[in-house]
Amino acid sequence: VTTLIEEGFVYTDMRGHLMPGDRLHSLSLGVMYSSRHKALRQAILKKLSSQIGETCGIAIPSGAEMIYYDKVEANWPLRVHLPVGSKVPAWCSASGKLYLSTLPDARRHAVIKNMVLEKLTKKTITDPSLLEQQLQSIKSTGIGLDDEEFIGGMSAVSVPIYSDDGKLFACLFCHAPLTRKSLDELQSYVGLLRSAAEEIADIINSKTNAY
């Protein structure tokens, strides 16, 4: 155990419990990414990206951040390049806010209270009470929104990917520069996103023999 801690695979939290470390997260991410379902997952993302005409991908929660697990880039010269493995802040990204909205109230309050809500753009919400209000709205709609809060000039939407037990496992997102699509325009594709999220959930949960 001491060796695993020294090598960064696990760490001990404030209560002395063993928790997965950064290297274990990276290892598990690599295993999942190269799984036998990769081709089908990529096919779903490519189809979705071609339908919307923008970059689409999957993000998974990791503490106070979201990790880009998989993505398909839009075929445009102008695009926001965030490669697989990139970490984005939860408090100002579409997927991150969607994830936070699903946490139990007490846990969410504690997480937000201890977050440093850094102002990354002029639209980033840094007031905890205002962020809570937005998360309540996201909880009711099930749609994560980013209105230039993470990167100036970029909007994004996100929908949940559920595990077998009905909990959020990951988020399916789409983002685009405002020069091509507004946030309202991206929201018009939520139906496509949700259909694709259901297909991806079936793959992850291995519910059908076809996979």
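**Note on helix packing and cysteines in a predicted model**

1. In α3, the residues Leu 40, Arg 41, Ile 44, Leu 45, Leu 48, Gln 51 and Ile 52 meet Leu 192, Leu 193, Ala 196, Glu 199, Ile 200 and Ile 203 of α8, a contact being heavy atoms within 4.5 Å. The residues of this contact of α3 with α8 comprise 10 nonpolar, one polar and two charged, where Ala, Val, Leu, Ile, Met, Phe, Trp, Tyr, Cys and Pro count as nonpolar, Asp, Glu, Lys and Arg as charged, and the others, Gly among them, as polar.

2. This is a predicted model, in which local features need pLDDT of at least 70 and side-chain atom pairs count only at pLDDT 80 or more, while totals for chains, interfaces and linings use all residues. Residues are numbered from 1 along each chain as its sequence is written, and side-chain values use heavy atoms, with hydrogens and water left out.

3. The axes of helix α3 (residues 38-52) and helix α8 (residues 190-205) come within 10 Å and cross at roughly 175°, the axes being lines fitted to C-alpha atoms over the stretch in contact and the angles running from 0 to 180 degrees between N-to-C directions. The two helices, α3 and α8, are therefore roughly antiparallel to each other, the term for angles over 145 degrees.

4. For helix α4 (residues 94-101) and helix α6 (residues 128-141), the axes come within 8 Å and cross at roughly 80°, which makes α4 roughly perpendicular to α6, a class that covers 65 to 115 degrees. Lys 97, Leu 98, Leu 100 and Ser 101 of α4 make this contact with Leu 131, Gln 134, Leu 135, Ile 138 and Lys 139 of α6, and the residues involved divide into five nonpolar, two polar and two charged.

5. The structure holds zero disulfides, a disulfide being a pair of cysteine sulfur atoms within 2.5 Å. Cys 56 is accordingly in no disulfide, and the nearest cysteine sulfur, that of Cys 174, lies 3.9 Å away. Cys 56 counts as buried at 0% relative accessibility, and Cys 92 counts as buried at 0% relative accessibility, buried meaning under 20% relative accessible area with a 1.4 Å probe, protein chains only.

6. As for the chain as a whole, there are eight helices and eight strands, taken as DSSP runs (H or I, at least four residues, for helices; E, at least two, for strands). Buried residues make up 44% of the 211 residues, and residues 24 or more positions apart account for 55% of the contacts with a separation of 6 or more.

Key
Angles under 35 degrees count as roughly parallel, over 145 as roughly antiparallel, 65 to 115 as roughly perpendicular and the rest as oblique. Buried means under 20% relative accessible area, exposed over 50%, partly exposed in between (1.4 Å probe, protein chains only).
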